[in-house]
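These notebook entries record what I looked up in one model.

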Amino acid sequence: MGFTTASQFYKNLFNTKVYKISLDGGCTCPNRDGTKGVGGCIFCSETGSGDFQSKDKSTITAQVEAAKQIVNKKFPKKIEKKYIVYFQNYTNTYGNEDLIIKKWKEALFCSDVVGIAIATRPDCLSSKIVSEIKDLSNNWYVQLEFGLQSKSNETGKIINRCYETKVYENAVTLIKQQCPKVHVVTHLIFGLPGENEKEMMESLDYTIACGTDGIKITVLYVLKGTKLENMYNDGLFRTLEMEEYLNLIRMAIKKIPSNVIIHRLTGDPPKSLVISPVWTCNKKKVLSEINKILGSN
C-alpha cells in the first residue's frame with residue numbers, strides 16, 4: 001500500500017486507537033472581523049466549520065469531557081482510547097494570544113489527551129504563536145492545519161480567502177524551519193467555482209511541493225446561510241456529482257507520495273444545512289466508495 005491514512009498514522013505513533021475531538025476556542029477570523037475582510041470564506045457557515053462540536057462551551061475542560069462521552073457512546077467497546085484535541089472552527093491562532101495559548105494548555109492537560117490539532121490561516125502566525133507551538137511540540141504531538149483550499153490566487157479572491165498563496169508557502173517553510181516536530185496538514189477543496197480538473201490537481205501538487213506532511217481533501221458543498229448559497233442560487237457555478245468527485249480522488253491518490261499522510265478524502269457537512277450536493281449527506285456510501293478506491297491502490 002503506497003499511502004497512510006490518519007487512523008493508521010496515529011495508531012503507529014501512539015500504539016493505540018486515537019480519536020480527534022473538536023473544540024471551540026472562541027476565536028474569529030481576520031476575514032470576518034474587518035481586519036482583512038468581512039463575512040469569512042464564502043463556503044463557511046456561521047459556526048466556522050464547527051457544526052459538530054459539543055453544545056457545552058462553558059470551559060475547554062467541559063468541552064473535552066463532553067466530546068469524550070460522545071466518542072464513548074459511538075464506540076462503546078471497552079478499549080483504550082486516546083485523544084487529540086482539535087481546535088477546529090475559525091482561526092485558532094488569531095485573537096488574544098495569551099488566552100488562546102491558555103486554552104490549548106488546558107485541553108492538553110486533560111486526561112488521555114496525547115496531542116493537539118490547531119486549524120488556522122497561514123497569515124496568522126505571530127512570533128509568539130510560533131514559539132509556543134514549538135515549545136508544545138517538545139512535549140506533545142502538535143498538528144498545525146492550514147486552510148489553503150486552492151493554489152489559485154484568483155480562486156482565493158472568489159472565496160474571500162484574503163491572503164495570497166505565497167503566504168501559505170512561506171508559512172510552511174517557517175514551521176518546517178522553526179518547529180520541525182510539528183505535523184503540517186493542508187486543506188484543499190475540490191469543485192470550487194471556476195476551477196477545472198487540471199487546476200485542482202495543480203493545487204495538490206503545489207502543497208506536496210511546499211512540504212506538507214498531511215492532506216485533507218473535501219468536495220465543495222453549499223450550506224444554507226452562506227454567500228456560496230447566493231452564488232449557487234444565481235447559477236454562477238454547479239457542484240460536483242459524486243462520480244466526478246470520486247474520479248478526482250482516484251487521480252489525487254496516485255499523486256500523493258507515501259510520506260504524506262491522508263487525513264481526509266471527504267467532508268462531513270451538517271445534513272440540516274446542505275443545499276448541494278445532496279449525495280454528501282450519505283456519508284456511509286461516500287466512505288464506502290472512497291474505501292474501494294483506497295483498496296484498489
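**Entry 1. Terms and basis.** I call a residue buried when its relative accessible area is under 20%, exposed when it is over 50%, and partly exposed in between (1.4 Å probe, protein chains only). The model is predicted, so I noted that local features need pLDDT of at least 70, that side-chain atom pairs count only at pLDDT 80 or more, and that totals for chains, interfaces and linings use all residues. Residues are numbered from 1 along each chain as its sequence is written, and side-chain values use heavy atoms, with hydrogens and water left out.

**Entry 2. Salt bridges.** I counted a salt bridge wherever a side-chain nitrogen of Lys or Arg lies within 4 Å of a carboxyl oxygen of Asp or Glu. How many salt bridges does this rule give? The count is 17.

I looked up K20 and E145 and found their side chains joined by a salt bridge, 2.9 Å from N to O. This pair links distant parts of the chain, since K20 belongs to strand β2 (residues 17–23) and E145 to strand β5 (residues 141–149), 125 residues apart.

I next took K166 and E169, whose closest N and O atoms are 3.4 Å apart in a salt bridge. Both sit in helix α6 (residues 165–178), 3 residues apart, about one turn of the helix. K166 is partly exposed at 47% relative accessibility, and E169 is partly exposed at 26%.

In helix α7 (residues 197–210) I found K198 and E202, 4 residues apart, about one turn of the helix. Their side chains form a salt bridge at 2.4 Å, N to O. K198 is exposed, with a relative accessible area of 57%, while E202 is partly exposed at 29%. I also noted that K20, E145 and K216 are joined into one network by salt bridges that share partners.

**Entry 3. Helix α3.** I checked the span of this helix against an expected value, which is 1.5 Å times one less than its number of residues. Helix α3 (residues 97–108) has 12 residues and reaches 17 Å from its first C-alpha to its last, close to the 16 Å expected.

Which residues of α3 are buried? They are I100, I101, W104, A107 and L108. These residues cover an arc of only 125 degrees around the axis, which puts them on the same side of α3; the arc is taken from the directions from the helix axis to the C-beta atoms. I found the exposed residues D98 and K102 on the face turned away from the buried side of α3. Taking contact as heavy atoms within 4.5 Å, I listed what covers the buried residues of α3, including β2, α2 (60–74), β3 (81–87), β4 (113–120) and α4 (127–137).

At the N-terminal end of α3 I found a cap: a side-chain oxygen of N96 lies 3.2 Å from the backbone nitrogen of D98.

**Entry 4. Helix α1.** In helix α1 (residues 6–14) I found A6, F9 and Y10 buried. Seen down the axis of α1, the buried residues fall within an arc of 95 degrees, so they line one face of the helix. K11 and N12 are exposed on the other side of α1. The buried residues of α1 pack against β1 (4–5), β2, β3, β5, β6 (183–190) and β9 (261–264). Just after α1, N15 takes a positive phi of about 60 degrees.

Entry 5. Where do N160 and C162 lie? N160 is in the loop between α5 (153–158) and α6, and C162 is also in the loop between α5 and α6. Phi of N160 is near 65 degrees, a positive value in a residue other than glycine. C162, not a glycine either, has a positive phi of about 65 degrees. N160 is buried at 17% relative accessibility, whereas C162 is partly exposed at 25%.

Finally, I recorded a cis peptide bond between S276 and P277, with omega about -5 degrees. P277 lies in the loop between β10 (274–276) and α10 (283–295).

Technical notes: Helix = DSSP H or I, 4+ residues; strand = E, 2+ residues; numbered from the N terminus. Polar contact = N/O pair within 3.5 Å; in protein donor to acceptor, adjacent residues only side chain to side chain.
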